[in-house]
Amino acid sequence: MAVAFPPYTMALSKVQRLYDACDVVFSSPAAAPTLGEIRWLQKILGESPRDASAYICAFVRVRRQLTVLGFVRLSDGVEAEDVGIDDGEKPTSPSSSSDDELSPKSGRALLPARAFTRITYVHLHQCDDFSIGVFCFPAGATLPLHDHPEMVVLSKLLYGSVRVRSYDWVAEPPPSAAGRKCGLARAVAADEVRRAPCEASVLFPRSGGNLHAFTAVTPCAILDVLTPPYSEEQGRPSTYFTDVPIPSLPGFAFLEETDLPEDFSVAGAPYLGPELTVDMDDDDDDYEDYDE
């Protein structure tokens, strides 16, 4: 049976649909998100092109209550242009300058991928319950091995290719005498190369590769949804590690907490995608930009 969708629902940008879905799933005080809800968010971010039946629910959000109206085909998921980035793979207007590209869909200025000469974070939204942002990499740049304590993370490779190394703890390690975490970890991805377009990945507190590192094979960008976000005050700091493979135990490594390299930094860039309409209960004021 055909479903007639309200104009508001059909006119939503992909980023607005993603935000609304995250707000519904992650902002409920009653319970943690279910596996089914996480898989639904994966579909919104984008299934693999091999899945020709990728659909998402169309819905109206009223006071964080989800009213399902039907299903909308969204096989491409979220793309670079949807978050205000020009991936350099689409033809550009002859009149566009070398510094600003224009979206062929909306005429908005876009951030050109070639302008990212170091790892750059584009902040979309952050509240107590979740955050949405994009890490943009030049070729060869590495985001060191780090963890996501008690967090669920959905990641979508928007363009390019990236090498992933990831682990899960065999057992949650207690701090050492020096106050640093260390212990045995099982390899989940050993230098696995992912190429866009591909399906969104998900990691959990104790599975799916909660500790990971990225190295850009080509210029690339990764859209991350974190729930809950990092918070020093709430006991969820970002911790970095070194990994030493164990030859006598293939598929495992010894991980030890380490300081972030002094020469490592992440730049910040403005979000140039469609405007987000956020829930009034969400507070985005406490977000601190990365240093330029």
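Which residues line the second largest cavity?

1. **Ground rules.** This is a predicted model: local features need pLDDT of at least 70, side-chain atom pairs count only at pLDDT 80 or more, and totals for chains, interfaces and linings use all residues. Residues are numbered from 1 along each chain as its sequence is written, and side-chain values use heavy atoms, with hydrogens and water left out.

2. **The cavity.** The lining of the second largest cavity consists of Asp-168, Trp-169, Glu-172, Pro-205, Arg-206 and Asn-210. A cavity is a set of points, on a 1 Å grid over the protein atoms alone, where a 1.4 Å probe fits but cannot get out; lining residues have an atom within 4 Å of a point. The whole structure has 2 cavities of 30 Å³ or more. Volume here is the space filled by probe spheres set on the points, which are joined across faces, edges and corners.

3. **Lining by class.** The second largest cavity is lined by 2 nonpolar, 1 polar and 3 charged residues. Ala, Val, Leu, Ile, Met, Phe, Trp, Tyr, Cys and Pro count as nonpolar; Asp, Glu, Lys and Arg are charged; the others, Gly among them, are polar.

4. **Phe-137 and Phe-214.** There are 5 aromatic pairs in the structure. One of them joins Phe-137 and Phe-214, edge-to-face, at 6.5 Å centre to centre and 90° between the planes. Rings of Phe, Tyr and Trp (its six-membered ring) pair if their centres lie within 6.5 Å; planes over 60 degrees apart count as edge-to-face. Phe-137 is in strand β7 (residues 131-137) and Phe-214 in strand β13 (residues 211-216), so this pair ties together parts 77 residues apart in sequence. Strands are DSSP runs (E, at least two residues), numbered from the N terminus. Phe-137 is buried at 1% relative accessibility, and Phe-214 is buried at 5%. Buried means under 20% relative accessible area (1.4 Å probe, protein chains only).

5. **Trp-169 again.** This cavity-lining residue also pairs with Phe-241: the ring centres are 5.5 Å apart and the planes are at 75°, so the pair is edge-to-face. Trp-169 sits in strand β10 (residues 161-169) and Phe-241 in strand β15 (residues 240-245), so the pair links parts 72 residues apart in sequence. Trp-169 is buried at 14%; Phe-241 is buried at 5%.

6. **A loop residue.** Asp-82 lies in the loop between β2 (65-73) and β3 (85-86). Asp-82 counts as buried, at 11% relative accessibility. A polar atom of its side chain lies 2.7 Å from the backbone nitrogen of Glu-79.

Conventions: Helices (H or I, at least four residues) and strands (E, at least two) are DSSP runs, numbered from the N terminus. Buried means under 20% relative accessible area, exposed over 50%, partly exposed in between (1.4 Å probe, protein chains only). A polar contact is a pair of N or O atoms within 3.5 Å; within protein, one must be able to donate a hydrogen and the other to accept it, and residues adjacent in sequence count only if both atoms are side-chain atoms. On a 1 Å grid over the protein atoms alone, a cavity is a set of points where a 1.4 Å probe fits but cannot get out, and a pocket is an open set with protein on both sides within 12 Å along at least five of seven lines; lining residues have an atom within 4 Å of a point. Rings of Phe, Tyr and Trp (its six-membered ring) pair if their centres lie within 6.5 Å; planes under 30 degrees apart count as stacked, over 60 as edge-to-face and the rest as tilted.
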